Amino acid sequence: MNFKEDNYTGQLPALSDKPIEKFYQEVLEGLGSIPKRLQSKYFYDQQGDILFQQIMDCPQYYLSRCESEIFQNQAPKMAHFLQSAYDSFDLIELGAGDATKSQFLLQSLTEHQVDFTYMPIDISGYILSVLQDRLESQIPGLDLVPFEGEYFEMLAQATCFSSRPKVVMLLGANIGNMAPQDARLFCANIRKMLKPDDLAIIGFDLKKQPQVILDAYNDEGGITSRFNLNLLTRINKELHGNFNLNNFVHYQTYDPGNGACKSYLVSLCDHTVTIADHSIKFNRDETIFMEVSQKYQLPEIDELARYVHFEPIYRCQDLKGWFIDDFWQAI
Ligand SMILES: C[S@@+](CC[C@H](N)C(=O)[O-])C[C@H]1O[C@@H](n2cnc3c(N)ncnc32)[C@H](O)[C@@H]1O
């Protein structure tokens, strides 16, 4: 069933692996659960990608600036480290986005004439085309093979691409968009696809002054709010929904105790929304959980690495000590 066809009949789709039907099933499942939730991987349609790029430019959103600083200042050292570890390798980036940070490493590796293939993986075809256009003009000669789709389906393909050692990157605090138990499972799944001595490079946002964290997800210009609400617009457009965005407001929390910074949309009134031929009731003040952005302490990162059979071997921090990109070797 094609949700975008004009002759839409309002019937339920059959269970399927097609992305649009999976989107529909996961939205209904999330909004049918108590409390309601949506999956943040669906934030990233074209408009979501553009809004996320605007979030990265917000003065309060320190994460991108800290990680860009790490890559800008330390890429030559990172490149030297990788060059001395491997004669050649495949550099696979999960959730690459527009490669804002990794571009510095790609540049350094290319300047050092390192033999590598860059394989960005992203669920958003739009952002992959932005990335490809930019990198092809900025880094001529870069060997780039993009993979559009879900992390692990694409990682399975990318790891079979050659027999060379693998370096898998997960930047932008993407790991933070998972609850700690899901992050463990995620890292364990990465490890399963690697061989001993392969590497993972993972970006973690560190625990810090709680107000600094809360402000990063609550910009005064309301971009983060529009980013969250855009998922309802996406459901309206792609799944024949009728969300009225004026019935919801964005609400952000941060718990310095457990390091979880969470985004919600809160219903402002009792109302009913339809998606295809499904009705979903919202009570006034009822919430939809949208996304977690988990913050870590260094011992928690070490514990996570070792729990999933990696050894942390190289650590890059920004000058403020707010963000870390950790190199883990598969053992
Ligand atoms: C927070 S952005 C970070 C982008 C980039 N790593 C950076 O640091 O600027 C998350 C990216 O991961 C992608 N993404 C989210 N969930 C995904 C999934 N399940 N599979 C593949 N890509 C995903 C999104 O499309 C988006 O481009």
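Start at Ala 173. Select the loop between strand 5 (166–170) and helix 7 (180–192); Ala 173 is found there. This is a predicted model. Check the backbone torsions: phi of Ala 173 is near 55 degrees, a positive value in a residue other than glycine. Most residues other than glycine have a negative phi. Ala 173 has a relative accessible area of 9%, so it counts as buried.

Next, select Ala 99. Its place is in the loop between strand 2 (88–94) and helix 4 (102–111). Ala 99 has a positive phi of about 60 degrees although it is not a glycine. Buried or exposed? Ala 99 is at 0% relative accessibility, so it counts as buried.

**The ligand**

Which residues come nearest? There are 17 residues around the ligand, and Gly 95, Lys 101, Asp 122, Tyr 151 and Gly 172 come nearest. Colour the shell by residue class: seven are nonpolar, six polar and four charged. Then colour by domain. At least three shell residues come from domain 1 (19–59 + 212–294), and at least three from domain 2 (62–206 + 296–330).

- Lys 101: a polar side-chain atom is 2.7 Å from a ligand oxygen atom.
- Ile 123: a backbone N or O atom is 3.1 Å from a ligand nitrogen atom.
- Glu 150: a polar side-chain atom is 3.2 Å from a ligand nitrogen atom.

Switch to a surface view of the ligand. On its own, the ligand has 590 Å² of accessible area, and the protein covers 95% of this.

**The nonpolar core**

The largest nonpolar core holds 68 residues. Select Leu 91, Tyr 118 and Ile 275, which touch the most other members. Which element gives this core its largest share? Helix 3 (residues 62–85) does, with eight residues. Keep the domain colours on. Domain 1 (19–59 + 212–294) and domain 2 (62–206 + 296–330) each supply at least three residues of this core.

**Along helix 3**

Stay with helix 3 and pick Glu 67, which lies in it. Glu 67 counts as buried because its relative accessibility is 0%. Glu 67 and Ser 88 are 21 residues apart in sequence and 25 Å apart in space.

**A loop pair**

Go to Leu 144, in the loop between helix 5 (125–138) and strand 4 (147–148). The relative accessible area of Leu 144 is 15%; buried means under 20%, so Leu 144 is buried. Leu 144 and Thr 117 are 27 residues apart along the chain, with their C-alpha atoms separated by 6.0 Å.

Select strand 13 (residues 323–330) and find Asp 326 in it. The side chains of Asp 326 and Arg 315 make a polar contact at 2.7 Å.

**Last stop: a cis peptide**

Select Ile 34 and Pro 35. The peptide bond that joins them is cis, with omega about -5 degrees. Most peptide bonds are trans. Where is Pro 35? Look in the loop between helix 1 (19–31) and strand 1 (36–37), where Pro 35 lies.

Terms used:
Residues are numbered from 1 along each chain as its sequence is written. This is a predicted model: local features need pLDDT of at least 70, side-chain atom pairs count only at pLDDT 80 or more; totals for chains, interfaces and linings use all residues. Side-chain values use heavy atoms; hydrogens and water are left out. A residue is near a molecule or strand if one of its heavy atoms lies within 4 Å of it. A polar contact is a pair of N or O atoms within 3.5 Å; within protein, one must be able to donate a hydrogen and the other to accept it, and residues adjacent in sequence count only if both atoms are side-chain atoms. Accessible areas come from the Shrake-Rupley method with a 1.4 Å probe; for residues, only the protein chains shown count as cover. Ala, Val, Leu, Ile, Met, Phe, Trp, Tyr, Cys and Pro count as nonpolar, Asp, Glu, Lys and Arg as charged, and the others, Gly among them, as polar. Domain bounds come from an automatic or database domain assignment. A nonpolar core is a set of buried Ala, Val, Leu, Ile, Met, Phe, Trp, Tyr and Cys residues joined through side-chain atoms within 4.5 Å. Buried means under 20% relative accessible area, exposed over 50%, partly exposed in between (1.4 Å probe, protein chains only). Helices (H or I, at least four residues) and strands (E, at least two) are DSSP runs, numbered from the N terminus.
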